[in-house]
Amino acid sequence: MRKFAPGRTWRGAVCLASLLALGGCGLFSHDDGRYDPAPLTEYKAGMSVRQVWSASVGSGSGLGFAPTVLGSAVYAATPDGSVGKFDLQSGRPLWKAKTDGKLSAGAGSDGTTTAVASPDGDVIAFDDNGKVKWKVRATSDVTIPPVVGYGIVVVRSGDYRIQAFDANSGERVWNVQRPGPSLALRSVSQMVLAEGLVITGLPGGKLMAIASDSGNVQWEGTVATPRGASDLERLTDVVGVPRIAGNLLCGVAYQGRIVCFDVTAGGRPLWAKDFSSVSGLTLDDRFAYSADQNSVVNAFALDNGGNVWKQAALKNRQVTAPAMLGGALAVGDLEGYLHFLSRSDGSLMARLSVGGGAVVSPPQTTPQGVLVQTGNGNLVMIGAN
């Protein structure tokens, strides 16, 4: 990864529902049914899945909440201020804590320090016994899950700053800011720590790699370029988790592209396709998988970006980014279902209700199965029979 070539703005928040269904904020009409969620259909079962365990974290869910899986443990938080560490194999709570107020993002962890954030920008760090280590304030609200590693806690705040705090003391270590657009997308986004770098997407369509020790920007790549006459037309953002596979770093944007950069060639784009997603992507050794803004799931060849298959059976069901379970992809939807699609051709293979309303957090692949954080604040592990 080291082979990459080396005034606060007002911003409006566009509600997620309007971008998923093009109607949730009253911007568009539903009268013709064009954006109605596709009904659940019959299919020939290709696999059998089951719930392995379930554990309660707290109450509620939100765009900034995705569990962190680390070794044999899961760290998770919910908007009501609940934070906990759970055994990955059984779901048994190893510790649970409660903050004084509400949370807007969490929980990032390196197994020693676990960090969450509040709506007013407080960053709160716990030790691995669930005791508060420190509490500091970021420069603005934090709605992206913190990441922890290399001795720092990193947050991305609403004023387009990426800020690093010492994991032991909470002292600010470095701060990076980029100009941002007047209108920003509220979507599921996450940062990544890898190869001594903090990798993050930004509103406006940029993907950035920052040295974790110094805060120096090592590389910037363009996933999307804002286009159009109005702020709404020009709205674009890198969504989901930046993904790494071998020498590739891949990202996807709303109203932009899906792109894979070759990190062995200075971070130049290997391929790019016009595409719009609000949920993100995942990779295996052959394909990049992503649902478009209408929840049509696509597979792209990882070597050249060719479209391998599309699956429209879940159209407008507001599906999450995919996770992998054996030969299948798992996506959550607005009604609390987890759908399993063939990685080879996209055909429907299985379906399971995890309850709790809309699944907002992306499912995660783990050694025990697919981990889901539900809409009512539970963790659910799903395995294949």
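Which strand gives the largest share of the lining of the largest pocket? The legend to Figure 1 answers this; every view shows a predicted model.

Figure 1. Strand 20 supplies the largest share of its lining, four residues. Other elements that give two or more residues include strand 3 (68-70), strand 7 (105-109), strand 11 (147-149) and strand 16 (192-194). Strand 24, strand 28 (323-325) and strand 32 (364-366) also belong to this group.

**Figure 2. Centre of the largest pocket.** Among the 30 lining residues, Q190, V192, V241, R243 and Q364 are the closest to the pocket centre. By class, the lining comprises 21 nonpolar, seven polar and two charged residues.

**Figure 3. The largest nonpolar core.** This core has 18 residues, and C250, I258, L281, A288 and L302 have the most contacts inside it. At least two core residues come from each of strand 15 (183-185), strand 21 (248-254), strand 22 (256-262), strand 23 (268-275) and strand 24 (281-283). Strand 21 contributes the largest share, four residues.

**Figure 4. Surroundings of I258.** Leaving aside residues up to four places away in sequence, I258 touches G251, V252, W271, A272, K273, F275, L281, A288, S290 and F300.

**Figure 5. The C250 to C260 disulfide.** The structure holds one disulfide, which joins C250 to C260 with an S to S distance of 2.0 Å. C250 lies in strand 21 and C260 in strand 22, so the bond ties together parts ten residues apart in sequence. The torsion about the S-S bond is about 105 degrees, so the disulfide is right-handed. Both C250 and C260 are buried.

Notes: Residues are numbered from 1 along each chain as its sequence is written. This is a predicted model: local features need pLDDT of at least 70, side-chain atom pairs count only at pLDDT 80 or more; totals for chains, interfaces and linings use all residues. Side-chain values use heavy atoms; hydrogens and water are left out. A nonpolar core is a set of buried Ala, Val, Leu, Ile, Met, Phe, Trp, Tyr and Cys residues joined through side-chain atoms within 4.5 Å. Buried means under 20% relative accessible area, exposed over 50%, partly exposed in between (1.4 Å probe, protein chains only). Contact means heavy atoms within 4.5 Å. A disulfide is a pair of cysteine sulfur atoms within 2.5 Å. On a 1 Å grid over the protein atoms alone, a cavity is a set of points where a 1.4 Å probe fits but cannot get out, and a pocket is an open set with protein on both sides within 12 Å along at least five of seven lines; lining residues have an atom within 4 Å of a point. Ala, Val, Leu, Ile, Met, Phe, Trp, Tyr, Cys and Pro count as nonpolar, Asp, Glu, Lys and Arg as charged, and the others, Gly among them, as polar.
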